[in-house]
Amino acid sequence: MATKTIDYYNQNAQAFVDATLDVDLTQLYDEFLPLLPKNGTVLDAGCGSGRDAFIFKERGFNVDAFDISPEIAKLASEYLNQEVAVSSFQDLNDVEKYDGIWCCASLIHVSKNDLTDAFNNLARALKPQGIVYVSFKYGDGEREHNGREFTDLNEVGLESIIKNTNLFILKSWQSADQRPERASETWLNAILHRRTPK
């Protein structure tokens with residue numbers, strides 16, 4: 001992730017948390033959580049405010065979380081009442097640890113050239129039947145907006161990256177942003193499954 005993007009989140013941590021903490025993503029949870037074993041282990045990768053990790057804990061899952069912004073991770077740690085690591089997708093080196101990995105609006109800040117490696121790190125961290133949820137702003141290409149760098153993907157773009165990884169797309173769909181002021185923005189969502197070794 002670009003330094004300027006990390007700086008943005010460090011400088012705007014409280015405002016970002018305040019703006020995202022109460023967003024209701026029940027429809028997305030309902031796609032992801034039923035595919036996990038009861039009391040399974042979940043990683044919230046790029047957890048932001050800790051909103052989703054908090055819900056997962058409430059529903060009985062064992063949850064780890066990380067964020068690349070030290071200031072965001074500090075606020076999330078306080079909210080979750082557990083340590084949130086300061087880390088990145090590039091640093092993820094767990095092996096077959098998680099039943100599910102949740103990447104909600106977090107991979108959007110990974111450059112397109114680094115996404116294949118990020119997805120392979122996610123695949124390695126999954127248990128054999130594990131799944132990953134990902135979301136990207138719907139589009140095609142890289143851009144900078146308000147001091148942050150973004151990678152936007154559509155179905156074709158996601159498929160072209162995933163084909164070079166140890167994951168496959170179980171399901172993909174589009175949805176509107178759940179923040180009322182951004183309801184016109186479209187997101188690409190996908191559930192990815194780890195490939196079975198041959």
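T5 lies in helix α1, which spans residues 3-11; here helices (H or I, at least four residues) and strands (E, at least two) are DSSP runs, numbered from the N terminus. The structure is a predicted model, in which local features need pLDDT of at least 70 and side-chain atom pairs count only at pLDDT 80 or more, whereas totals for chains, interfaces and linings use all residues. Residues are numbered from 1 along each chain as its sequence is written, and side-chain values use heavy atoms, with hydrogens and water left out.

With a relative accessible area of 0%, T5 is buried, a term that means under 20% relative accessible area, with exposed meaning over 50% and partly exposed in between (1.4 Å probe, protein chains only). Apart from residues up to four places away in sequence, T5 touches H109, G147, R148 and E149, where contact means heavy atoms within 4.5 Å. T5 and H145 are separated by 140 residues in sequence, while their C-alpha atoms are 9.8 Å apart in space.

Turning to the whole chain, 50% of its 198 residues count as buried, and 65% of the contacts with a separation of 6 or more are between residues 24 or more positions apart. The C-alpha atoms of the chain fill a box of roughly 45 × 35 × 30 Å, taken along the principal axes.

Two packed helices are described by the angle between their axes and the distance between the axes. Axes are lines fitted to C-alpha atoms, for helices over the stretch in contact, and angles run from 0 to 180 degrees between N-to-C directions. Helix α2 (residues 13-20) packs against helix α5 (residues 70-80) at an angle of about 50 degrees, their axes being 9 Å apart. That angle makes α2 oblique to α5, since angles under 35 degrees count as roughly parallel, over 145 as roughly antiparallel, 65 to 115 as roughly perpendicular and the rest as oblique. The contact is made by A13, Q14, F16 and V17 of α2 together with E71, I72 and L75 of α5.

A second pair consists of helix α6 (residues 112-125) and helix α7 (residues 155-162), which pack at an angle of about 55 degrees with their axes 9 Å apart. Helices α6 and α7 are therefore oblique to each other. On the α6 side the contact is made by K112, L115, T116 and F119, and on the α7 side by L158, I161 and I162.
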